[in-house]
Amino acid sequence: MIRVSDIAVYLKCPMMCYFLNKGHNLVNEITPAYLERLILKEMALTYGDAFNALDKLSFLGDSLDRISDEIRIIYRTELSGIDARTLADSVSNVRSYLENICSNISSDDFYTSEIVDEPLLQSEKLGLSGSPDRLVKINGELVPSIIKTGNMPQSGVWSSDRLALTAYSILVEEKYNSSVEKGFVEYARWGKVREVLIKRHERRKVLTIRDRIKKIHEGFMPEKPKDAPCEHCGFTGICDVKSTLVSRFF
Ligand code: SF4
């Protein structure tokens, strides 16, 4: 079964898919920036309630206080080596975004929608599974929404997010026998939400990438892309060795 998150990995570099499938772990170093993103993810889950609060800014401040107490419980293993000072700095950075977040969520109709928590979406027929951050009820139909804690593009959304939403839309359609025409990307750092129309050529692309990942899972070793982000990749060591062996062999 291919996961929607595998598609995002494939888009970064197909070789990463290969190594993950071989059981190698990609260890994420917990930097202050990464910690900030974990906090923002938890914060984004409260924006709907903040929208309905009388004093939105105080509500967000209280949510951040609660999250700073609870974050170690939620991400117990990941944050085991993080000291109190680093956590306090990241919380303080997130606090500096709250006013801007508050003004953005105040004017976004998205937060009036009914949000439905969705466990795993899974299709044996499609060989695809994944968990969107939430499903949103729009005119009686469920559509997927994903929370992103990184940069927001000037306009629209990043193409990898577009494809992830397309994949989730296909899974929602399969489960609920519906037709999904749009999805949402929530940019947690700004409290902004962008709508994405689900397009036919991206549906096609999702299925093509799914088939390529399937081949990788069957043992096929993909090419190392010319623009692979090797300088930030935890597989650099094993990747160089494997690629050299393969090129020598042929
Ligand atoms: S080291 Fe480069 S080519 Fe290898 S998996 Fe990482 S990003 Fe891909």
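In what order do the three strands of the open sheet with mixed pairing run? Select β1, β4 and β3, and read them off as β1-β4-β3. Keep in mind that this is a predicted model.

**Confidence**

Colour the chain by pLDDT. The mean is 91. Of the residues, 95% reach 70 or more. Now compare elements. Strand β4, residues 128-130, has the highest mean pLDDT among the elements of the chain, at 97. The lowest belongs to α10, at 62. Remember α10 for the ligand stop, where it supplies residues of the shell.

Go back to β4. Select 2-3 for β1 and 121-123 for β3. These are the edge strands, and each pairs on one side only. Next, show the link between β1 and β4. The two run parallel and are joined by two bridges. Pick Arg-3, and you will find Ser-129 of β4 opposite.

Start at β2. It pairs with β5, residues 134-138, in the antiparallel sense over three bridges. Select Glu-114; opposite stands Lys-137 in β5.

Stay on Lys-137 and look towards β6. There the residue opposite is Leu-142. The pairing of β5 with β6, residues 141-148, is antiparallel and spans five bridges. Then zoom in on the hairpin that β5 and β6 make. Two residues lie between the strands, and Asn-139 takes a positive phi near 50°.

Move on to β7, residues 182-187. With β8 it pairs in the antiparallel sense over six bridges. Gly-183 has Val-196 in β8 as its bridge partner. The hairpin of β7 and β8 has four residues between the strands. Click Gly-191 in this hairpin: its phi is positive, near 70°.

**The two domains**

Colour by domain. Domain 1 covers 2-23 + 112-217, and domain 2 covers 32-106, according to the domain assignment. Their C-alpha centres lie 24 Å apart. Show the contact next. Domain 1 gives 10 residues to it, and domain 2 gives 12. What is the make-up of the side of domain 1 that touches domain 2? Four residues are nonpolar, three are polar and three are charged.

**The ligand**

Finish at the ligand. Which residues lie around it? Select these and show their side chains:

- Cys-13, Met-15 and Met-16
- Lys-224, Ala-228, Pro-229 and Cys-230
- Cys-233, Phe-235, Thr-236 and Cys-239

Now colour this shell by residue class. Nine of the residues are nonpolar, one is polar and one is charged. Then display the helices α2, at 14-21, and α10, at 236-249. Each of these supplies at least two residues of the shell. Recall the colouring by pLDDT as you look: α10 is the element with the lowest mean, 62.

Key:
Residues are numbered from 1 along each chain as its sequence is written. This is a predicted model: local features need pLDDT of at least 70, side-chain atom pairs count only at pLDDT 80 or more; totals for chains, interfaces and linings use all residues. A residue is near a molecule or strand if its C-beta atom, placed from the backbone, lies within 6 Å of it. Ala, Val, Leu, Ile, Met, Phe, Trp, Tyr, Cys and Pro count as nonpolar, Asp, Glu, Lys and Arg as charged, and the others, Gly among them, as polar. Two strands pair if DSSP finds at least two bridges between them. Domain bounds come from an automatic or database domain assignment. Two residues are in contact if their C-beta atoms, placed from the backbone, lie within 7 Å. pLDDT is the predictor's confidence in each residue, from 0 to 100.
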